[in-house]
Amino acid sequence: MVKITDVARRAGVSPSTVSYALSGKRPISDATRRRVQAAVRELGYRTDDGGRSRSGARAKVLALAVPMRPGIHVPVVTQFAVSVVTAARARDHDVLLLTQGEGDEGIGRVTETGLADGVIVTDVQLQDPRLPLLRSCSLPSVLIGVPAEADGLTCVDLDFRAAGELCVDHLAGLGHRTVALVGSPPEVYVRRTAFARRLVEGFTAAADRHGLASSALPCGTGRDAARAVAERLLRDLPALTAVVVHNEPLVDPLIKAFEQLGMRVPGDLSLTAVCPAPVAAAARVPVTSVAVPAAELGARAVHLLIRKLSGAPVPGTTLLPPRLTERASTAPRGH
């Protein structure tokens, strides 16, 4: 069976360009259109190969795109996957996992073969290369994440900008005047991953609003990375008394690194995190945190996708408000 990805490869274009050329939903140059049409003829490509959409039958399968890219924290991916599978099974649907790291070929294959009725997309970038295909193809989709231009898409996510602001508001309310953000690994920002970029925006905006001295640094994972970033922050910000962590596996190593450098948590340094609640509660010092509600996000995404499949109206973007839980890692400055 010839797939849209085969046509794209033959024509030297992306699957989304093939979709545009065949559907006419976006302007395509005449030269590109001719290459696509030639590839279609050469390969004998036919749309709707499986005939499922003609018959009205459904696969009762939802695809879940979870690209395994550098900087991805596998336990978080697992939480989202489990939540989607649980919610889908409650609605009598199975889940097909798509783990291709880049591009839209996996989604293109699912669209053309009829293997799934809809797709849930994770690790959304601000300018995500999968968006043109999602906008042009017939496969209903829901994004866990919000790109820069969300028109015509269905998105759900934690309001990460508000989460960054909430952490800084809490620390400023405790009297802290110098704060730092220890963020996700560098490659996450290089990809312009939406949730990471938006949290930095919220952190910076709140620090400026409160008139705080601040710094935001990306950081890898592990003890060596934690030690290096702690040393740099104390060197660059000698008055540092508060830190926000947006890097789940770094929570415990960072607390230990600061302690080894003579900074007690929370006596000398208050620390907050944006991470799953169990991680914050189980840290060597239980951490004040904004929870990443993976289970709720997965269930919401499935609910929205099932509604789209039934033809019911759905909101364009749903942002879950952040909630901060105070634990032992934060205290008034100089406490």
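Residues 24 or more positions apart account for 72% of the chain's contacts with a separation of 6 or more, a contact being heavy atoms within 4.5 Å. The model is predicted: local features need pLDDT of at least 70, side-chain atom pairs count only at pLDDT 80 or more, and totals for chains, interfaces and linings use all residues. Residues are numbered from 1 along each chain as its sequence is written, and side-chain values use heavy atoms, without hydrogens and water.

Start with the whole chain. Its C-alpha atoms fill a box of roughly 75 × 45 × 35 Å along the principal axes. Of the 335 residues, 50% are buried, that is, under 20% relative accessible area with a 1.4 Å probe, counting protein chains only. The chain holds 14 helices and 12 strands. These are DSSP runs, numbered from the N terminus: H or I of at least four residues for helices, E of at least two for strands.

Six strands form an open sheet, ordered 7-6-8-9-10-12, with mixed pairing. Strand 7 (213–217) and strand 12 (324–325) are the edges, each pairing on one side only. Two strands pair if DSSP finds at least two bridges between them. Strand 9 (residues 270–275) and strand 10 (residues 288–291) run parallel, joined by four bridges. Cys275 has Ala291 of strand 10 as its bridge partner.

Helix 10 (residues 194–209) lies across strands 6, 7, 8 and 9, at about 175° to strand 6. Helix 12 (residues 251–260) lies across strands 6, 8 and 9, at about 160° to strand 8. Axes are lines fitted to C-alpha atoms, for helices over the stretch in contact; angles run from 0 to 180 degrees between N-to-C directions.
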